[in-house]
Structure formats: structure tokens, C-alpha cells
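Subject: Structure for you to look through

Hello,

Here is the structure I promised to pass on. Please open it and keep it beside this email while you read.

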Amino acid sequence: KMVDDLQASTQRLAQTEREQAWSEMARQIAHEIKNPLTPMRLSIQHLIRLKQRGIDGWEEKFEEVATSILEQIEILSNTASEFSSFAKFYYEETTVLDLAELINDQRVFFDTRENIRIAYDYCHRECMVQVRKGQIIRVLVNLVSNAIQALEEKGGYIRITLREEAGQYVVAIDDNGPGVKEEDVNKLFKPNFTTKSSGTGLGLAICRNIIEQSGGKISYHRSELGGACFSFTLPIFASRISEQELR
């Protein structure tokens with residue numbers, strides 16, 4: 001009975017934690033949406049007054065305000081897309097796939113810049129996992145994109161590694177860029193935090209949710225290459241473990 005009670009209590013706690021996470025995410029989304037709406041409204045109202053009064057130069061002001069509003073709309077659209085992807089996580093079916101092949105497909109997709117070299121180091125055999133494919137691709141795209149953005153100005157080197165360790169696969173994405181400031185490290189996976197001028201602050205928070213819901217963990221540390229290293233784990237597909245145990 002005590003074991004049953006403990007299990008029920010653990011399930012309730014997990015449910016409460018999920019609800020709190022969703023509540024916090026919803027609050028952050030509302031904050032992100034409301035922030036640009038007020039200056040957008042005030043700018044449009046200001047334009048209307050200028051036009052109504054026939055003040056000279058309102059046409060030039062219109063071009064400036066329109067450009068700014070379009071930028072804000074793009075940010076709102078990206079925010080909505082990020083949150084939509086986050087919400088859809090629970091509805092995508094899992095599938096068994098080769099993680100090594102999936103990573104290589106993404107590497108080929110990104111390895112198109114002359115000043116940024118991307119290397120991929122793995123065990124050269126099948127690395128089967130059971131995951132939601134679209135969501136894991138999203139994690140890879142986000143992490144590789146971040147590394148590329150860190151190197152865009154001066155160029156550099158990105159290393160993707162895949163290794164097996166203690167019944168799980170470990171994927172690491174290193175770069176030789178500037179890395180993350182020490183004071184920002186603890187904020188990386190929190191919603192609404194970004195170091196980019198046009199970022200939504202949801203990318204890494206969503207990555208963490210995807211990886212944790214997939215049974216793994218995601219973390220950051222300083223790379224031996226001198227820049228950032230983001231790594232995540234995924235459990236090895238059960239049949240793969242059984243084959244090892246049979247041997």
C-alpha cells in the first residue's frame with residue numbers, strides 16, 4: 001500500500017509540475033505578445049494624428065513606422081510558431097529511427113558556408129532511438145543554428161559528436177566561437193531569455209522540454225574548442241539493449 005501510495009503521489013507531483021510549466025510558459029508567451037502591441041498601437045495612433053492634422057513629413061514617418069511594425073509582426077509570428085511547436089509535442093507519434101543518420105542529414109543541410117566548417121564524429125553504425133522525429137530535428141536545427149550564428153562574423157569550426165555511454169546516446173555540438181557569458185549560463189534554458197536582438201527566448205526552453213519528454217537531458221558547458229558546447233542524451237532503443245545483453 002505504501003508503494004502504491006508513493007507511486008500515486010509521484011504521478012500527482014509530475015502532473016503538477018507539468019501544469020506549472022505550462023502555466024509559466026503561457027505567462028511568458030502572453031508577456032512576449034503584449035510587449036510589442038502597446039508601442040505598435042501608439043505608433044499607429046500617432047500616424048493617424050499626423051495625417052489628420054496635415055503635418056508635413058508624415059509620409060516619411062509612415063515608412064519608418066511601417067518598417068518597425070513589420071519587424072514586430074515577424075517577432076510575434078515567430079513567437080506563435082515556437083509555442084505552437086511546443087504544444088504539438090504531445091500529439092506527434094514516436095518512431096524508431098537511426099539517430100546517426102538523422103544527425104548526418106542535418107549536418108549536410110547546414111554545411112554550406114565557406115567560412116564555417118562542420119565535422120561529424122560518430123561510431124559509424126546504427127544508433128537506434130525511439131523518439132518523435134520532428135521534435136528531435138527541431139532540437140538539432142536549433143542547436144546547430146545557434147552555433148552557426150555565433151560564428152557568422154569571423155567564421156570557425158563546429159564539431160558534432162555522437163557516442164554511446166551508459167545505456168544512452170550522447171550528442172554534443174561544440175564550436176570555437178565566443179561561448180556563453182558566465183552570468184548567462186544559468187538562464188539559458190529559461191523561457192523569455194535570449195542573447196539575440198530578434199530572438200523569442202523560447203528556442204532552448206523548447207529544446208529542453210523535447211529532450212526531457214524523450215527521456216533524456218540537455219546541458220551546456222564550455223567547449224574544449226573555446227566556445228559553447230550543448231549536449232543532450234537519448235535512451236538507446238530497448239531492442240538494442242536486449243541484443244547487447246544477449247551477447
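This is a predicted model: local features need pLDDT of at least 70, side-chain atom pairs count only at pLDDT 80 or more; totals for chains, interfaces and linings use all residues.

**Salt bridges**

The count comes to 6 salt bridges. Here are some of them.

Start with aspartate 174 and arginine 159. Their side chains meet in a salt bridge, at 3.8 Å from N to O. Aspartate 174 is in strand 5 and arginine 159 is in strand 4, so the pair ties together parts that are 15 residues apart in sequence. Is aspartate 174 buried or exposed? Its relative accessibility is 5%, so aspartate 174 counts as buried. The cut-off for buried is under 20%.

Next, look at glutamate 165 and arginine 163. These two also form a salt bridge, and their closest N and O atoms are 3.2 Å apart. Glutamate 165 is partly exposed because its relative accessibility is 38%. Arginine 163 is partly exposed as well, with a relative accessible area of 39%. Partly exposed covers the range between buried, under 20%, and exposed, over 50%.

Then find aspartate 184 and lysine 187. Their side chains meet in a salt bridge of 3.9 Å, N to O. Aspartate 184 has a relative accessible area of 11%, so it is buried. Lysine 187 counts as partly exposed, at 36% relative accessibility.

Some bridges share partners. Which residues do they join into one network? They are Arg159, Asp174 and Glu224.

**A charged patch**

Now turn to the surface. Asp56, Glu59, Glu60 and Glu63 gather there in a patch of negative charge. Take glutamate 63 from this patch. Glutamate 63 sits in helix 2, which covers residues 58-88. Its relative accessibility is 51%, so glutamate 63 counts as exposed. The cut-off for exposed is over 50%.

**Aromatic rings**

How many aromatic pairs are there? The count comes to 4 aromatic pairs.

One of them is formed by phenylalanine 109 and phenylalanine 110. The ring centres are 5.2 Å apart, and the planes make an angle of 85°. That pair is edge-to-face, because planes over 60 degrees apart count as such. Phenylalanine 109 counts as exposed, at 59% relative accessibility. Phenylalanine 110 has 9% relative accessibility, so it counts as buried.

Tyrosine 220 and phenylalanine 230 form another aromatic pair, and this one is tilted. Here the centres are 5.1 Å apart, with 50° between the planes. The pair links distant parts of the chain, 10 residues apart. Tyrosine 220 is in strand 6 (residues 218-222), while phenylalanine 230 is in strand 7 (residues 228-235). Both tyrosine 220 and phenylalanine 230 are buried. Ring pairs also link Phe189, Tyr220 and Phe230 into a cluster.

Last, find alanine 166. Where does alanine 166 lie? It is in the loop between strand 4 (156-165) and strand 5 (168-175). Alanine 166 is exposed, because its relative accessible area is 77%.

Then go on to the rings.

Best wishes

Notes
Residues are numbered from 1 along each chain as its sequence is written. Side-chain values use heavy atoms; hydrogens and water are left out. Patches are made of residues with over 30% relative accessible area and no salt bridge: like charges are joined within 9 Å, nonpolar side chains (Val, Leu, Ile, Met, Phe, Trp, Tyr) within 5 Å. Accessible areas come from the Shrake-Rupley method with a 1.4 Å probe; for residues, only the protein chains shown count as cover. A salt bridge is a side-chain nitrogen of Lys or Arg within 4 Å of a carboxyl oxygen of Asp or Glu. Lys and Arg count as positive and Asp and Glu as negative; His and the chain ends are not counted. The place of a charge is taken as NZ of Lys, CZ of Arg, CG of Asp or CD of Glu. Helices (H or I, at least four residues) and strands (E, at least two) are DSSP runs, numbered from the N terminus. Buried means under 20% relative accessible area, exposed over 50%, partly exposed in between (1.4 Å probe, protein chains only). Rings of Phe, Tyr and Trp (its six-membered ring) pair if their centres lie within 6.5 Å; planes under 30 degrees apart count as stacked, over 60 as edge-to-face and the rest as tilted.
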